[in-house]
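Please keep the sequence and the 3D view at hand while reading.

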Amino acid sequence: MINHISIAVNEPERVANFLAEIWDGRVYPFPPVPGGYFVIADDGKGTAVEITPAGTILVPGEGLPDESDLEASTEEHEAQFIKSEFVPRYVATHLNINTQKSIEEIREIAKREDWRVLVCNRGGGLFQLVEVWLENSFMLEVMTPEQTQRYVEITDPAFMEAAFADALSQSHPVRPEIPTLPAELNLIG
């Protein structure tokens with residue numbers, strides 16, 4: 001399970017409120033970053049997104065604490081959010097979330113913000129999602145309950161093994177020195 005992710009946007013409060021509406025979640029201040037927000041999905045799992053102002057980056061701290069003292073103060077060694085001069089228009093990072101909302105509700109909320117929104121059939125129709133471009137620069141994939149159910153089905157290891165059997169056999173060939181178990185054998189534990 002992914003607990004949370006941080007994203008940087010131009011209008012953190014606006015994006016935080018949008019995400020909270022999609023999730024039926026809540027928005028809180030994010031003290032480590034002035035002008036940042038913490039959006040909680042209110043799903044009972046702690047799922048959240050930290051939303052920071054554009055140009056915010058994470059850098060590692062310096063040095064390391066005493067490894068034998070797990071209760072030691074680590075603040076001076078921890079990662080820090082800092083402001084950078086470099087603000088990319090687009091990034092490879094994106095986020096896929098689920099919602100209880102319908103496709104039409106997602107479209108309506110995104111269109112109200114004047115953000116690009118479209119229903120996508122990924123993998124030639126293997127699964128579907130709603131692509132929302134936050135501020136028209138950060139891709140958020142939103143899945144309805146039905147779309148999430150299909151996503152869970154196709155990410156099941158048994159489905160993945162069957163779907164990628166040829167590719168796996170070429171990139172991860174069975175080594176002859178490692179015995180293989182018969183396919184019909186089912187081991188538990």
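Predicted model: local features only at pLDDT ≥ 70, side-chain atom pairs only at ≥ 80, totals over all residues.

A pocket, as the word is used here, is an open set of grid points with protein on both sides within 12 Å along at least five of seven lines.

- Sorted by class, the lining of the second largest pocket holds 13 nonpolar, seven polar and two charged residues.

**The largest pocket**
- The largest pocket has a volume of about 710 Å³, and it is lined by 27 residues, of which Ile2, Thr47, Asn96, Ile97 and Asn98 are the closest to its centre.
- Several elements give two or more residues to the lining of the largest pocket, among them strand S1 (4–9), strand S10 (138–143) and helix H4 (145–154), while the largest share, four residues, comes from S7.
- By class, this lining is made up of 14 nonpolar, nine polar and four charged residues.

**Strand pairing**
- Strand S2 (residues 26–29) pairs with strand S3 (residues 37–40) in the antiparallel sense over four bridges, and within S3 it is phenylalanine 38 that stands opposite tyrosine 28.
- Strand S3 is also joined to S4 by four bridges, and these two strands run antiparallel; here tyrosine 37 has isoleucine 51, in S4, as its bridge partner.

- In soluble globular proteins, nonpolar side chains tend to be buried together.
- The largest nonpolar core of this model has 26 residues, and those that touch the most other members are Phe18, Ile51, Val132, Leu134 and Leu140.
- Elements that each supply at least two residues of this core include S1, S4, S7 and helix H2 (103–112), whereas H1 gives the most, with seven residues.
- Leaving aside its neighbours within four places in sequence, leucine 140 is in contact with Phe18, Leu19, Leu95, Ile97, Val130, Glu131, Val132 and Leu134.
- Another core, of five residues, lies apart from the largest one, and its members include Cys120, Phe127, Met143 and Ile154.

Key. Residues numbered from 1 in each chain as written. Heavy atoms only, no water. 1 Å grid on protein atoms, 1.4 Å probe; cavity = no way out; pocket = protein on both sides within 12 Å on 5 of 7 lines; lining within 4 Å. Points joined across faces, edges and corners; volume = space filled by probe spheres on them. Nonpolar A, V, L, I, M, F, W, Y, C, P; charged D, E, K, R; others polar. Pairing = 2+ DSSP bridges. Core = buried A, V, L, I, M, F, W, Y, C linked by side-chain atoms within 4.5 Å. Buried < 20%, exposed > 50% of the residue type's maximum accessible area, 1.4 Å probe, protein only. Contact = heavy atoms within 4.5 Å.
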